[in-house]
Every structure is written in structure tokens, then in C-alpha cells.
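I opened my notebook to get to know a structure that is new to me. Here is what I looked up, entry by entry.

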Amino acid sequence: MSNLRAYVMNSKVQGESFSAEVDGKTVRDTSVFTCDGQRFILQTKPEQLAEILVENVAPQQVTGTMEAIERICWLLAFATQCHVACYGHDHPDGSPHKVRNGVHRSGQNADPVIEPADGAAIRKFVDQAYPQFKALEGARSLKVVIDYMLQAARPGLPMECRLVFLSVLLENMKQTYGTQLQFAFKGGKFVDPVTKARLGFQDMMNRMFAAEGMTPSLQPLVDLRNEVLHTGVATLTLHQQKAQYDAANDLIREYLLRLLGFKGDFLVSPSGGSVKAI
């Protein structure tokens, strides 16, 4: 069986171990993820590029291996809050048979969820989160959720636009949560399967967070969401809007980490305490 080498852009991961010495120097640039029974060896390159080597991949395994690499890229995108993407692969490695994709995803500097310079923490996150990400990526639209997080964090956006992105993201999470539980949906709202009561946005949010052991105070976020979506402009000061954005972002980070079965430390906003643990 031949090796497969994939090519990745916008990788900020610095690695956990050192590569072989080149020109008298060694660099901490290598991370090894274990997913679906395979080892994915990521080696960081200059200009936020990286390569992922997977050993002993049979021709019939290429599609599944590339799907796993795509999932790893989405997990790294969430962890580093940057648009990590695979833009091609070679199989067999080093052969003329090369596949390249027309992918354009600009890099960005946003506050990460897991510190990219901590290679052990990144490896632990990917290894822990991968099984649940694979199981839930379709039912909970996890790629959409992560993409909206990245869109909200883009530099230069007005704060109202950031809040709109997060509001739509929360609506999506609420919708996929209710759909996954097979709640009836009537008149634009889900219906409690026992009481038959119609469940509004805040009701569903409370249930969704509670399912992962979280009981946040949602009223300020709900009020701001209603104001921004219904009027287009928030009456709060920029400082107050930023505080609400940080609070919402911190909630989404923790919820997704819990949903993915992660245990460990993660980064939040300074107002949220900078570092939290699950």
C-alpha cells in the first residue's frame, strides 16, 4: 500500500514534536492525530501551509481518508478560528498523480479556542472531538456552525454584523437540535412532545444548553438578538455590544466542545475569564 500526502492551507498549528534535522536545525512542527484507526501526521510549513501524511493507504481507502482529513481541517478551523482547508493530495505520495482543488479561504487572526502553539493541546482536542464530530456533522450542521463563527470573527466587520452572524448561528443550532430530537414543527416553532406547548427561541436554547449541562442566562442575548434582527441596529453602546458578542461567543465555544465530548482547558474572552475547563 502507498502513502497519501494532503496539502493544507491556513494552518496555525505549531506542532508537538520535532521533525528531522535539516541544515543543522530542528523545528517543532509535527503533530500526529489518530482518527478512524489511522495516523495523520501533520507537518507545518512556512506561510501557514502544512502537509498531512497518511501511511499505507490502499486505493479503496483514499476517499475515506480524504473525508477524515476534511474533518480534521474543520476541527482545526474551530480550534484556531482560522479557515483551515485541504486543497489537494497526492496518492501515491511522490507520484505524478496529483489532485488539486480550487480552494480560496483567506486566513485571519482571531482569538483561538485552543492555543495553536500548544501542540499537545491541539492533538488532544482533535483526537477527542473527532468521533463525535463525525457522528454529528450532518445532523447538527457542524461545518455550517464553524463557518458562521469564522465569518463573525472576520476583521473589519461592524459589531452589528458580528451579532447577526452569531444570531443566525444560534438559530441554526436550535433548529438542528429540535430536528435531531424529532420535535414536531408547526407555525414556525417546535412543539413539546409531552405538553404540546409551542417552544420559542429561548425555550429551545435553554433545552439545548441544558442537554450539555449548561444553564446560562440567555435573556440579555435574546433581547439583543431580537433588536439586531428586527431593527438592524443595536441601541447599546459599542462596548456593551462587544460584551454581548464575547458572552455569546464563549457560550457557543463551550457548547460545541461539550457536544464534541472534549475534556480539558479552552480559551474564552477576557471578560469570561480567559481560560475555562470542562
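**Entry: loops.** I started with Asn-10, which I found in the loop between strand 1 (2-9) and strand 2 (17-18). Phi of Asn-10 is near 65 degrees, a positive value in a residue other than glycine. My next stop was the loop between strand 6 (85-90) and strand 7 (98-100), where Pro-92 has its place. A cis peptide bond joins His-91 and Pro-92, with omega about 0 degrees. I noted beside this that most residues other than glycine have a negative phi, and most peptide bonds are trans.

**Entry: ground rules.** This is a predicted model, in which local features need pLDDT of at least 70 and side-chain atom pairs count only at pLDDT 80 or more, while totals for chains, interfaces and linings use all residues. Residues are numbered from 1 along each chain as its sequence is written, and side-chain values use heavy atoms, with hydrogens and water left out. Helices (H or I, at least four residues) and strands (E, at least two) are DSSP runs, numbered from the N terminus.

**Entry: helix 3 and its partners.** I looked up how helix 3 (residues 142-152) packs with helix 7: the angle is about 155 degrees and the axes are 12 Å apart. Axes are lines fitted to C-alpha atoms, for helices over the stretch in contact, and angles run from 0 to 180 degrees between N-to-C directions. That makes helix 3 roughly antiparallel to helix 7 (the word applies to angles over 145 degrees).

With helix 4, helix 3 packs at about 170 degrees, axes 8 Å apart. Helix 3 is therefore roughly antiparallel to helix 4 as well.

**Entry: the largest pocket.** Which residues lie nearest its centre? I found Asp-111, Lys-242, Tyr-245, Asp-246 and Asn-249, out of 16 lining residues. A pocket is an open set of points on a 1 Å grid over the protein atoms alone, where a 1.4 Å probe fits, with protein on both sides within 12 Å along at least five of seven lines; lining residues have an atom within 4 Å of a point. Helix 7 gives the most to the lining, with six residues.

How values were computed:
Angles under 35 degrees count as roughly parallel, over 145 as roughly antiparallel, 65 to 115 as roughly perpendicular and the rest as oblique.
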